[in-house]
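Here's a quick briefing to read with the model open beside you.

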Amino acid sequence: MKRLAITGVSRDFGGALALDGISLEVSAGEFVCIVGASGSGKSTLLSLIAGLDVPSRGTITLDGLPVEGPGPERGLVFQTGALFPFRTVEQNVAFGLEPLRISKADRRERVAWYLAELGLTGLEKRLPKELSGGQRQRVAIARALACEPEVLLLDEPFGALDCQTKDDMQVFVRKVWQDTGTTIVMVTHDVEEAVFLSQRIVVLATSPGRVAAELPITLPDQRDLPLKLAPHFLDLRAKVESLVRDHRSPSYA
Ligand SMILES: Nc1ncnc2c1ncn2[C@@H]1O[C@H](COP(=O)(O)OP(=O)(O)OP(=O)(O)O)[C@@H](O)[C@H]1O
């Protein structure tokens with residue numbers, strides 16, 4: 001289990017400051033959502049944590065060790081799952097396990113467990129083109145989780161899905177998080193989704209991107225879809241929406 005610490009992180013794209021002095025800690029096993037208006041630097045922050053990009057200033061550490069590039073302890077899933085088109089579902093999920101020194105039988109068992117966990121049993125032999133958008137995203141999440149990362153980084157993973165599929169995916173992700181204890185950091189522009197999923201929401205402000213607010217999400221651990229209509233849920237959602245609105249650049253007002 002790892003603790004993620006982001007300290008004084010800035011990212012300057014040749015004079016354009018995308019992130020300015022972000023400090024944030026995520027505890028082992030925590031589920032944190034990052035929200036903010038378009039351009040607030042959400043994706044930039046996630047790529048820095050993933051090690052796909054390097055901060056201009058500041059440090060990012062996992063259990064005290066600096067992040068210096070991508071690593072197997074951090075799994076990443078984007079909006080379009082980017083599956084290997086000529087691999088079947090089970091071959092996609094097994095991909096990250098192939099270089100690991102585990103027996104074929106263990107590998108098969110692990111793949112089967114994650115396929116079952118994500119509701120994909122029965123689709124093992126299908127190719128990505130034979131799946132729905134929601135199924136494809138579940139394969140992408142299963143593939144990231146099969147490597148048993150300490151931290152799962154999700155960048156708008158359900159952004160391209162219809163409302164119904166998105167609802168189902170949110171329920172899946174809550175269950176997976178509870179079953180596996182994986183630390184999750186997720187970027188979304190959907191405030192309802194962030195409130196439903198997370199234990200804490202970090203709101204980023206725009207121009208430059210910085211932490212505007214952090215809110216603990218005081219909802220029960222067991223969450224089902226009707227919770228989205230409960231008064232306490234709606235209060236939290238309204239509060240976060242107004243924080244996002246209040247911290248976007250004037251050009252969006
Ligand atoms: N490679 C890059 N070169 C120059 N500027 C960049 C680059 N990547 C991001 N930016 C700028 O950094 C800022 C933050 O972008 P980022 O994509 O992280 O925001 P975001 O909050 O994820 O936005 P959205 O919700 O629209 O996806 C934006 O002003 C963007 O134009």
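Which residue of E4 stands opposite Ala5? That would be Thr61. You're looking at a predicted model, where local features need pLDDT of at least 70, side-chain atom pairs count only at pLDDT 80 or more, and totals for chains, interfaces and linings use all residues. Residue numbers start from 1 along each chain, as its sequence is written. Helix and strand labels are DSSP runs numbered from the N terminus (helices are H or I with at least four residues, strands are E with at least two).

**The four-strand sheet**

- This open sheet runs in the order E2-E1-E4-E5, with antiparallel pairing; two strands pair if DSSP finds at least two bridges between them.
- Strand E2 (16-26) and strand E5 (65-66) sit at the edges, each pairing on one side only.
- Strand E1 (residues 4-13) and strand E4 (residues 57-62) are joined by five bridges in the antiparallel sense.

**The six-strand sheet**

- Here the order is E6-E7-E8-E3-E9-E10, in an open sheet with mixed pairing.
- Strand E6 (74-77) and strand E10 (210-216) are the edges: each has a single partner strand, so one side of each has no neighbour in the sheet.
- On average, neighbouring strands of this sheet are turned by 20 degrees against each other, direction ignored.
- Strand E3 (residues 31-36) pairs with strand E9 (residues 200-205) in the parallel sense over five bridges, and Ile34 has Val202 in E9 as its bridge partner.
- E6 also pairs in the parallel sense with strand E7 (residues 151-155), over four bridges, and there Val77 stands opposite Leu154.
- Both faces of E6 are covered, with Arg74 and Leu76 buried on one side and Gly75 and Val77 buried on the other. Buried takes 20 or more other C-beta atoms within 10 Å of a residue's own, with C-beta atoms placed from the backbone; 12 or fewer is exposed, and in between is partly exposed.

**Helix packing**

- Helix H3 (residues 104-117) and helix H4 (residues 133-146) cross at roughly 140 degrees, and their axes come within 9 Å. Axes are lines fitted to C-alpha atoms, for helices over the stretch in contact, and angles run from 0 to 180 degrees between N-to-C directions.
- H3 and H4 are therefore oblique to each other; under 35 degrees counts as roughly parallel, over 145 as roughly antiparallel, 65 to 115 as roughly perpendicular, and the rest as oblique.
- The H3 side of the contact is Arg110, Val111, Tyr114 and Leu115, and the H4 side is Ala142, Leu145 and Ala146. Contact means that C-beta atoms, placed from the backbone, lie within 7 Å.
- H4 and H5 pack at an angle of about 15 degrees with axes 10 Å apart, so they are roughly parallel to each other.
- In that pair, Gly133, Gly134, Gln137, Arg138 and Leu145 of H4 meet Thr165, Asp168, Met169, Phe172, Val176 and Thr180 of H5.

**Phe158, a loop residue**

- Is Phe158 buried or exposed? It counts as buried, because it has 25 C-beta neighbours inside 10 Å.
- You'll find Phe158 in the loop between E7 and helix H5 (163-180).
- Leaving aside neighbours within four places in sequence, Phe158 is in contact with Gln137, Lys166, Met169 and Glu193.
- Phe158 and Asp106 are 52 residues apart in sequence and 30 Å apart in space, C-alpha to C-alpha.

How values were computed: Contact = placed C-beta atoms within 7 Å.
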